[in-house]
Structures are given as C-alpha cells and as structure tokens.
Amino acid sequence: MNLLPFGKLAPAKPRTFVPSTIDLGDWAQIAPLFDELEARVARAGTVAELEKWLLDWSELNAALDEEASCRNIAMTCHTDNAEAEAAYLHFIEHVEPQLKPRQFALEKMYVAHPQRKSLPKPRYEVFDRDVANHVELFRPENVALETEEAKLGQQYQKLIGAQTVMFRGQEKTLVQMGRYLEEPDRALRQEAWELVAKRRLEDVEKGEEIFDELVKLRTQIARNAGFENYLEYIFRQKCRFDYTPADCVKFHDAIESEIMPAVREIQADRRRQLKLETLRPWDLAVDPQNRAPLKPFADVGEMVSRTQKVFNHLDPELAANFQEMQDLKLLDLDNRKGKAPGGYQSTLSEARVPFIFMNAVGLQRDVETILHEAGHAFHAQATRGEDLYPYRSSPIEFCEVASMAMELLGNEFLEEFYAPTEANRARKTHLEGIIGFFPWMAVVDGFQHWIYKHPVHTRAERKEAYIHLLDRFGGDVDHSGYEAARAYSWQRQLHIFLYPFYYVEYGIAQLGALQAWANSRRNKVKALGDYKKSLALGGSRPLPELFAAAGCKFEFSAPTIRPLIQLAGTELKKL
Ligand SMILES: [Zn+2]
C-alpha cells in the first residue's frame, strides 16, 4: 500500500554508491556502506579522491534523509494507520541511533584527513568549518548529560500537555481555549483567559524545578566543552560564526528604541477601536472591529489555484515551481480525520523536490501558511543542482528569509483571494503580527541571555530579570491583578525549555524578509532576481553572503531596522 500522496520519485542524479535495491530501513544493509566509507577515507590519497568520497557520503545521507522524510510524511498523513506508524518508529528506534555514532566517526576521520586542508577553499570552507566545529565541541562526558536534558524536556512537555480546564462544563486543552480569546464578548474572553492563567499558575513550581535542573545541566555541558557559560557554548554549537551575543543584545536595544513606539501605536489603535480605557491581556486576539473571520477560499482546490495565480503574478519561474509541486502531487493540504496537526515543508533529499503538509480549514492563516511553506519549497527547488548534500539547506536565519519574504511578496496579490478592502484587512493583520513578534522575541532571547550569564541565581532574581524585560517590551497592556500570571508567562514558551536560544533566528530572518520586501518596492524585478539567486546558494556560503546575495544587510541594529519599520508604518496607515 502506498501511503505517500506522491508516486515513486527518481533520484535527481542516478546513484553511484548506494545500491538501488537497498532497504534503507534495515540497518544490516546500511552498516556496510559506512564500513566502506571509513575504509575509503583512510585510503583517499588525493584531493580528487577525497572530493569523490564526500559526494558518496552525500549520496548516502540524502538517501537516508529521504527515507526518514517519507516515513514521517506517511505517518503524519495517516496517523490512524498502524503500518505507517510502525515504519516510522522502526526507523527512529533502529536506524537513527545507529547512524549517529557512525556519522560522527566519519566526521572525525574527515577532520583528521591530510588532504582536507588542500580542498578548494571557497567551495568547502563552510562545510569544513561546520564539521570541524562539531568534532571540536564533542565531549563523551556530555552524552549522558544531554540524555538527562532530553528527559527533563520530556517532563516539561508532559506537564504542559496535561494542562486542561473545565470551561462551561467541558474539559478543554489550553490550546483549545485560545479561540475564546477571539470572541467579541469581552466577559467571556476574560473568563477564558483567567481560567487558563489560573491553571498555568498551578504548575509554576514544577516548571521552576525542571528549569533549575536544565540550567545546571546546560552550564555543566558548556564547562565540559571548555566554555565559561552556556551562552558562549551555544553560539558555537549552533555554528553562529557570523554574529555574537553582543550583536543580539544590540538587536534587543534596537527593538526597544525603534519598534516599541510602533507596537504602542498599534496597541493604542486597538484600544480605541475596542472603545476601552485600558487594554487587558484578554483584549489582544479579538478582531478590533468585531468582524467575522475572513474567508479566503471554500476548499483546498480553490486555495491551490488562487495561490498559483499569486505566483503567476509574481514570477514565471516560481509559478512553474509551484505548478510542478501540483503535478507531482507534492502537496497534502486539506484538514481531514487521521492527519497530524500543523503544517511543515519537508524536502525529499534524493529526488531533490519539496513537499508541503498543511491542515487548511479556510482561514486567512492558511493563506499565510501556504505562502510561507511555498517559500521554503522554492528554496529546496533552487538548490536542486547542488551535489553536496549539506549545501542543499541553509542555516535557519536564512531559510526563514525565503519563507517570510514570500509571505510579504505574495501578499501584494491577495486580491486573488479577496475583495480589495478584505485584502487590506489581511495585510494589516499580517504587518501588525510582524511588528508584534519582535518584542516577544527580544523577551525570550534576552531572558535566556540573562539566565545563562548568571547560571547561579535565585528564583526571585530570575523573576525580577523577566519582569524587567516585560517592562521594556510588553507595551501598554494592563496586567493589574494578574501579576503572578505575567511574571511566569515565560514558562509557556517551550523553546526556553526544549530548544535553548532557538528564537532570535526568526527575528534575524524577519529583518531579511522586510528588506527583501522593501527592495521589491523599489525594483520588483531586481529584488525577485536577487531573492532567487540567494536561494540557489543553499548553505554553500556564510550568512552575511547569503543575505548580501538577497540584497539585504546581515545586521540587526537601529539604522537597519528604522527604515523597515517606517515602511511598515507607512503601509499600515494606507490599509
Ligand atoms: Zn518556516
């Protein structure tokens, strides 16, 4: 039974190393390929042999990556299918754990290789830098600590996942409660918000305990690797070679000086429209004019054909790319029973084609998602000619430029979905969302800077540091009477627990996306040409060069941000 939405996809390049008949779910068939790679790298005496070896390793990695992706796609498209679940779990439990040490052994052999330094520099420098970094940071004593860390992460997820409330006689998850914050009835919103806040507060002490342990563990991991603190360590571990913690602090300051005035203006506008004295935390998600939700399309077929028209306006090459995804059935977009929640873009690394998964229900959010994921898909299609597997993907700071810029560029043609006034309403919500994201990012990132620079701190000090950040970046929302809920609101941000320091990337990328959008305002053809050229670089160049190719500065201080916020502000006034 084929559980994949698409048919059999041929590799973009015929295999020359991995046998065409191999079962990539069977470790016994995979292991000999690693044996062979180990034996061959030891024998590789020339640069040409080392390069050929790198390509064979790439071929194997792409094949394994595609196998994992296909199993994940089959499972998320059919959560109720036992066969799909078993195939996915088999790979996670029996192949992936075997892969990790074997991959690391190859990395070590590569780093120690005598021909490594003779590889052509511009071609291999990013790859070389990242592999060497990974090998250098490895400490055997950290393996057990990382397992501990993952277990604490699981405890956190269990804690959060178990949180439910009884609302009007029905048990609801906190995620389900979110929709009541969009209700026009203010008393109902307040009731829903209070209930959720109260439930979260019941678990605060447990959250504090888990987090205390995580900070201790992470600090130890960093010290074991020879770093003074986890902040310094994580920048290296995430291959952040092109910006420093100090750059991020400058970013936070620039958000305070350049973006907070715009945030306050948007909040004041909302307060006036809602005819309120003060904005309370339950007034932030409702439509300020109490309008019904926008209805961009009736079914997924219509969503796809209208999205196609948006790309037809934008660029013939991108339009052809989206058409190709339809032709190859690389889209599974409708919300139906037996599908996992959410949306993602996944790349089939061997066929070198993208796949988009979504749960569209007919809201404007779906239009934003399809444009966003299409941006990621275009990125995958642009790197199709790259044979070195690691270069077919970019660092997150740039991947999200591809997707977020596509939201902004695609939004120019929302009239394909809406009457003009409705299109403007959607654009306004989108731009306000972009502006409103920056301060929360500054809080999440700034809080973690403080935490790991002060690894020994009391819970009271931690609370004070967080409140200080909210005072800087919270804007004009009145939390009086709910001080405790406000002081511990960081506990619901799962990144702080599970993916430390993974957040600022979205802010950095959004600056790139806004620059690409500003460029297209000046010269549409050039901006789009630069966008496509930068995508085609994949991960082959460092971040500042990827940004430069897209016509953007890799820089996050006030002088870069100011004109972008001005443009967004001018645009908002027109809508
Ligand atoms: Zn994305």
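Before you click on anything, one cut-off: a residue counts as buried under 20% relative accessible area, as exposed over 50%, and as partly exposed in between. Keep in mind, too, that you're looking at a predicted model.

**Stop 1: Pro11**

Select Pro11, in the segment before α1 (27-43). Its relative accessibility is 31%, so Pro11 counts as partly exposed. If you leave out residues up to four places away in sequence, Pro11 touches Glu350 and Ala351.

**Stop 2: a stacked pair**

Staying with that part of the numbering, let's look at rings. By the pairing rule, the model has 37 aromatic pairs.

Start with Tyr243 and Phe554, an edge-to-face pair with 5.9 Å centre to centre and 65° between the planes. You'll find Tyr243 in the loop between α9 (230-237) and α10, and Phe554 in the loop between α21 (543-549) and α22 (558-574). That's a link between distant parts of the chain, 311 residues apart. Both Tyr243 and Phe554 are buried.

For the stacked case, pick Tyr344 and Phe357: here it's 4.8 Å centre to centre, with 10° between the planes. Tyr344 sits in strand β4 (residues 344-348) and Phe357 in strand β5 (residues 353-360), so this pair ties together parts 13 residues apart in sequence. Are these two buried or exposed? Tyr344 has 17% relative accessibility and counts as buried; Phe357, at 0%, counts as buried as well.

**Stop 3: an aromatic cluster**

Next, select Phe235, Tyr243, Phe251, Phe398, Phe438, Phe547, Phe554 and Phe556 together: they form one aromatic cluster.

**Stop 4: two helices crossing**

Colour helix α13 (residues 364-382) and helix α14 (residues 396-410). They pack at an angle of about 130°, and their axes are 7 Å apart. That angle makes α13 oblique to α14. The crossing of α13 past α14 is right-handed.

Sorted by class, the contact has seven nonpolar, six polar and three charged residues.

Zoom in on His379, also in helix α13. With 6% relative accessibility, His379 counts as buried. Setting aside neighbours within four places in sequence, His379 is in contact with Ser394, Phe398, Cys399, Ala402, Leu535 and Gly538.

**Stop 5**

Most residues other than glycine have a negative phi. Now try Lys275, in the loop between α10 (245-273) and α11 (300-314). Its phi is near 55°, a positive value. Lys275 is exposed, with a relative accessible area of 74%.

Finish at Phe501, in the loop between α18 (494-498) and α19 (504-522). Phi is positive here too, near 70°. Phe501, though, has 0% relative accessibility and counts as buried.

Methods
Residues numbered from 1 in each chain as written. Predicted model: local features only at pLDDT ≥ 70, side-chain atom pairs only at ≥ 80, totals over all residues. Heavy atoms only, no water. Axes fitted to C-alpha atoms, helices over the stretch in contact; angles between N-to-C directions. Helix = DSSP H or I, 4+ residues; strand = E, 2+ residues; numbered from the N terminus. Parallel < 35°, antiparallel > 145°, perpendicular 65-115°, else oblique. Left-handed = near helix turned anticlockwise from the far one by under 90°. Nonpolar A, V, L, I, M, F, W, Y, C, P; charged D, E, K, R; others polar. Buried < 20%, exposed > 50% of the residue type's maximum accessible area, 1.4 Å probe, protein only. Phe/Tyr/Trp six-rings, centres within 6.5 Å; stacked < 30°, edge-to-face > 60°. Contact = heavy atoms within 4.5 Å.
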